[in-house]
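Trainee: I would like to go through how two parts of one chain meet. Please show me the model.

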Amino acid sequence: MHIFKEIEPLKVFLKQKKAVQQTIGLVPTMGALHAGHLSLITASKSQNHVTVCSLYVNPTQFNNASDLEKYPRTLPQDIALLEKAGCEVLFSPADHEMYGQPGQLKFDFGQLDKILEGQFRPGHFSGVALVVSKLFHIVQPDNAYFGKKDFQQLRIVSLLAEELKFGIRLHGVATLREPDGLAMSSRNARLNAADRQKATIFFSSLRMAKEALKANIALTEVRKRVHQAFESAPGTRLEYFEAADHENLTLFENVKEPSRTVLLIAGFVGAVRLIDNMMID
Ligand code: PAF
């Protein structure tokens with residue numbers, strides 16, 4: 001695997017590949033890689049000649065200094081996993097390579113970045129859009145791969161790519177789950193054994209809500225049940241549970257078209273913040 005820490009040598013390398021009509025797939029990550037990330041690498045490898053994985057813990061998307069500090073960093077293991085997965089290129093820049101003056105440029109996606117994650121993590125999506133724009137400009141990939149676990153992020157990045165005419169095909173890849181249903185996430189590594197058990201509440205709540213809504217139980221009642229589930233599970237805290245249109249993320253007061261509806265949830269287990277989502281159908 002070719003490892004680049006600087007932008008210019010990476011660009012020179014990719015220019016040579018593009019000159020001989022090789023296609024480039026980009027998998028942006030913040031490291032602490034798990035099977036979910038590797039499924040993005042596999043998807044990219046199946047559709048491109050060269051897969052570039054970027055690994056950068058982007059400071060501008062953290063609205064909480066301690067969350068940034070505690071974000072797991074496991075570079076040697078990540079390199080070993082990427083090599084095993086057959087990833088051709090790793091781009092792992094330092095902060096000074098990515099940012100001159102962090103946070104000077106802001107993005108505003110209207111209502112889309114004010115709801116759900118945007119409500120609880122102000123500025124988060126501006127930071128995501130900023131770093132993803134930089135990565136798109138640096139790599140200029142044909143295809144880019146994002147996990148559906150970050151459902152709202154995928155919508156934001158789609159809007160970004162469309163509005164700024166990046167000409168990149170975006171691919172949303174299905175969430176991978178542990179055998180007990182917990183969505184794979186780099187943040188799971190921060191859960192102690194007891195909290196790891198409790199973290200299944202996100203999946204069980206989504207599944208319960210989905211079944212209830214399919215049985216025509218009203219969303220207000222389902223919302224109440226999800227809140228009650230968290231209230232009766234010590235050490236957990238619900239931030240939001242919402243039902244929304246899966247394309248534009250308009251929030252619903254009641255579910256009229258289950259096949260267009262995605263359920264989204266976020267909250268804490270101990271000090272670790274987790275998110276998850278599930279389509280009703
Ligand atoms: O999903 C992530 O890991 C990050 O938000 C991303 C897309 C790599 C941008 O930093």
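This is a predicted model: local features need pLDDT of at least 70, side-chain atom pairs count only at pLDDT 80 or more; totals for chains, interfaces and linings use all residues.

Trainee: Where are the two domains in the chain?

Mentor: Domain 1 covers 2–173 and domain 2 covers 186–274. Their centres, taken over C-alpha atoms, are 26 Å apart. The contact involves 18 residues of domain 1 and 15 residues of domain 2.

Trainee: What makes the pair of arginine 273 and glutamate 117 a salt bridge?

Mentor: The closest N and O atoms of arginine 273 and glutamate 117 lie 2.7 Å apart. The rule asks for a side-chain nitrogen of Lys or Arg within 4 Å of a carboxyl oxygen of Asp or Glu, so the pair is called a salt bridge.

Trainee: Which elements give two or more residues to the side of domain 1 that touches domain 2?

Mentor: They are helix H3 (65–70), helix H6 (117–120) and helix H8 (151–163). H8 gives the largest share, 3 residues. By type, that side of domain 1 has 9 nonpolar, 4 polar and 5 charged residues.

Trainee: How much area do domain 1 and domain 2 bury between them?

Mentor: About 1,500 Å², with 63% of it on carbon and sulfur atoms. Of the area that domain 1 buries against domain 2, Leu116, Phe120 and Phe151 supply 38%, more than any other three residues.

Methods:
Residues are numbered from 1 along each chain as its sequence is written. Side-chain values use heavy atoms; hydrogens and water are left out. Domain bounds come from an automatic or database domain assignment. Contact means heavy atoms within 4.5 Å. Buried area is the accessible area (1.4 Å probe) that two parts lose on being put together, summed over both. Helices (H or I, at least four residues) and strands (E, at least two) are DSSP runs, numbered from the N terminus. Ala, Val, Leu, Ile, Met, Phe, Trp, Tyr, Cys and Pro count as nonpolar, Asp, Glu, Lys and Arg as charged, and the others, Gly among them, as polar.
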